[in-house]
Amino acid sequence: MSAVTLSRPVWRRFEERFLARAAAWVRSGGHALVVRESGKLDMLLGVDERGRITEAALWSILALEQERRKKVKDGPAAGLVMARVDEHAESATLDWCERDSIHPRATRKLKFDCLECGACCHEANVILDESDLERFRRAGRPEMTTRSYIKRARDGKITLRFLKNHDGRCQNLGPDNKCFVYDCRPHNCRVFPVASEACLAARESTFGWRDGATD
Ligand code: SF4
Ligand code: SF4
């Protein structure tokens, strides 16, 4: 993919008593972190025109290795999505709000160039399934189903093997950041969303690009 300019939601933190403001922020395209009187944190997230959670919102939850969420039924946030932040993920969500506190609007435009970046192809947790392995075989790459390329955990989970002695680069990533196996790449590589929190986290951990921005 060549360079694209995309808009991403900006995180903002709100006390519970300002839930209506949090809802307005989310309806403007942002993501809100609601601090409950109990101290617990809830993510308040947007939906699309059909009432489904937005992709950016879903990937914020997945980036925390969580999935649970519910639709708010009443009150100022009715129709939006709420997800309780697990204790282990609280610092990450607070950090997103801190990172974004300098941005005044609910959304922010950023330029992304996957060929300049390749961050998500470094030491990533690329989960595979049998259909990926079958696709590798059909593409004439049976070696990609062997232990050199994949790891099988005791619980049956299959993941792509990244090599520590190559700066954690995927074995399929060329020096020009092009994927050698692009046509038969794993399903999870196909759906990984540019500009999501998972993308920003990969860019920050690999290159230290704090805001997803390269400048
Ligand atoms: S981390 Fe984001 S910008 Fe970088 S290659 Fe992956 S999807 Fe593209
Ligand atoms: S298989 Fe290709 S797209 Fe997936 S992590 Fe490796 S280099 Fe990146």
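Student: What does A20 count as, going by its relative accessibility?

Tutor: Heads-up: this is a predicted model, so local features need pLDDT of at least 70 and side-chain atom pairs count only at pLDDT 80 or more, while totals for chains, interfaces and linings use all residues. Residues are numbered from 1 along each chain as its sequence is written, chains are lettered from A and ligands numbered from 1 in the order in which they are written, and side-chain values use heavy atoms, leaving out hydrogens and water. On the scale here, buried is under 20% relative accessible area, exposed is over 50%, and partly exposed is in between (1.4 Å probe, protein chains only). A20 comes out at 47%, so it counts as partly exposed.

Student: Where is A20 found?

Tutor: Helices are DSSP runs of H or I with at least four residues, strands are runs of E with at least two, and both are numbered from the N terminus. A20 belongs to the run covering residues 19–27, which is helix α1.

Student: How far apart in space are A20 and D74?

Tutor: Along the sequence, A20 and D74 are separated by 54 residues. In space, C-alpha to C-alpha, the gap is 12 Å.

Student: How many helices and strands does the protein have, and what is its radius of gyration?

Tutor: There are seven helices and ten strands. The radius is taken over C-alpha atoms, and the globule rule is 2.2 Å times the number of residues to the power 0.38. That rule gives 17 Å for 215 residues, and the protein's value is close to it, so the protein is as compact as a globular protein of that length, at 19 Å.

Student: Which angle do the ring planes of W59 and F192 make?

Tutor: Rings of Phe, Tyr and Trp (its six-membered ring) pair if their centres lie within 6.5 Å; planes under 30 degrees apart are stacked, over 60 edge-to-face, and the rest tilted. The structure holds four such pairs. For W59 and F192 the centres are 5.8 Å apart, and the pair is edge-to-face because the planes sit at 70°.

Student: Where in the chain does F192 lie, and how exposed is F192?

Tutor: Its partner W59 is in helix α2 (residues 55–63), 133 residues away, while F192 is in the loop between α6 and α7. W59 is buried at 17% relative accessibility. F192, with a relative accessible area of 24%, is partly exposed.

Student: Which elements give two or more residues to the shell around ligand 1?

Tutor: A residue is near a molecule if one of its heavy atoms lies within 4 Å of it. Around ligand 1 that picks out F112, C114, C117, G118, A119, C120, F192, V194, C199 and R203. The elements giving two or more of these residues are α4 (114–117) and α7.

Student: How many residues around ligand 2 are nonpolar?

Tutor: The residues around ligand 2 include C121, C170, C179 and C189. Ala, Val, Leu, Ile, Met, Phe, Trp, Tyr, Cys and Pro count as nonpolar, Asp, Glu, Lys and Arg as charged, and the others, Gly among them, as polar. This shell has one polar residue and no charged ones, and its nonpolar residues number seven.

Student: Is S196 buried or exposed?

Tutor: S196 has its place in the loop between α6 (187–191) and α7 (197–207). Its relative accessible area is 4%, so S196 is buried.
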